[in-house]
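User: I have a structure open and want to learn how to read its features. Where should I start?
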Amino acid sequence: MDSGGSDVSIRQPNNRVTSAKIVIAGGFGVGKTTLVGSVSEITPLTTEAIMTSASEGVDDNDMVQDKTTTTVAMDFGRITIDSDLILYLFGTPGQTRFWFMWDELVRGAIGAVVIVDTRRLADCFAAIDFFEHRRLPYLIALNCFDGRQHHDVNDVREALAVSPNTPIVTTDARSRESTKQVLITLVEYVLTMRRAGAGAGVGA
């Protein structure tokens, strides 16, 4: 499978969205593989490997002490939102030593979901910087691990220093309906940005 294939893109003949590639990113152990698995209508392709001594002193698993595997290449899933929209999901590896693959994974993507564990906000800064540098639209998804939202959205926005226009939503990565709504919100955000950009181009 070509993770950067040009076939996975938004095409709008007669104003109809047919398919789109979305990247699921974030720090180590924030729930990327869980999100892809919970929402995918096909058996997800995962590249989980047993964590070894190579991660000792490198990966902070204090908040995810039960985690024994990690993504070493990517996760892949698919979800049909309705008859006009199919989303292809590509989950990135969270460990820093695998970030060299991110450029290939984001090729052809229309946008990204940055999953955030509010107990470890600093872990998502690298993903945010990556997408802002490449001007790829993204939203922030606060993963409520214990079913509770510990921080106000406005406080999180201020702490992450993201644009007021960047959507921040709460989710439970284990819930299909919850994660499906995150993906719909991202697609709506991307299309809104594209329409705004087209309008600005016409008026320039």
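Analyst: Start with how helices and strands are assigned: they are DSSP runs, helices being H or I of at least four residues and strands E of at least two, numbered from the N terminus. Residues are numbered from 1 along each chain as its sequence is written, and side-chain values use heavy atoms, without hydrogens or water. This is a predicted model: local features need pLDDT of at least 70, side-chain atom pairs count only at pLDDT 80 or more, and totals for chains, interfaces and linings use all residues.

User: Where does R135 lie?

Analyst: R135 lies in the loop between α3 and β7. Its phi is near 55°, a positive value in a residue other than glycine.

User: Is R135 buried or exposed?

Analyst: Buried means under 20% relative accessible area, exposed over 50%, and partly exposed in between, with a 1.4 Å probe and protein chains only. R135 has 77%, so it is exposed.

User: Which loop holds A161?

Analyst: A161 lies in the loop between α4 and β8 (168–171). Phi of A161 is near 55°, again positive in a residue other than glycine. A161 counts as exposed because its relative accessibility is 64%.

User: And where is G147?

Analyst: G147 is in the loop between β7 (138–143) and α4 (153–160). G147 is exposed, at 57% relative accessibility. G147 and D172 are 25 residues apart in sequence, yet their C-alpha atoms are 7.2 Å apart in space.

User: How many aromatic pairs does the whole structure have?

Analyst: Rings of Phe, Tyr and Trp (its six-membered ring) pair if their centres lie within 6.5 Å; planes under 30 degrees apart are stacked, over 60 edge-to-face, the rest tilted. A search of the whole structure finds 6 such pairs. In one, F76 and F90 have ring centres 5.0 Å apart and planes at 65°, so the pair is edge-to-face. F76 is in strand β4 (residues 75–82) and F90 in strand β5 (residues 85–91), 14 residues apart. F76 is buried at 11%, and F90 is buried at 2%.

User: What is the geometry of W102 and F130?

Analyst: Their centres are 5.2 Å apart and their planes at 80°, so this pair is edge-to-face. It links helix α2 (residues 102–106), which holds W102, to helix α3 (residues 125–133), which holds F130. Both residues are buried. Ring pairs link W102, F130, F131 and Y138 into a cluster.

User: Which charged end sits over the ring of F130?

Analyst: The rule is NZ of Lys or CZ of Arg within 6 Å of the ring centre and within 35 degrees of the ring normal. R134 sits over F130, 3.6 Å from the ring centre. K21 sits over the ring of F90, 4.5 Å from its centre.
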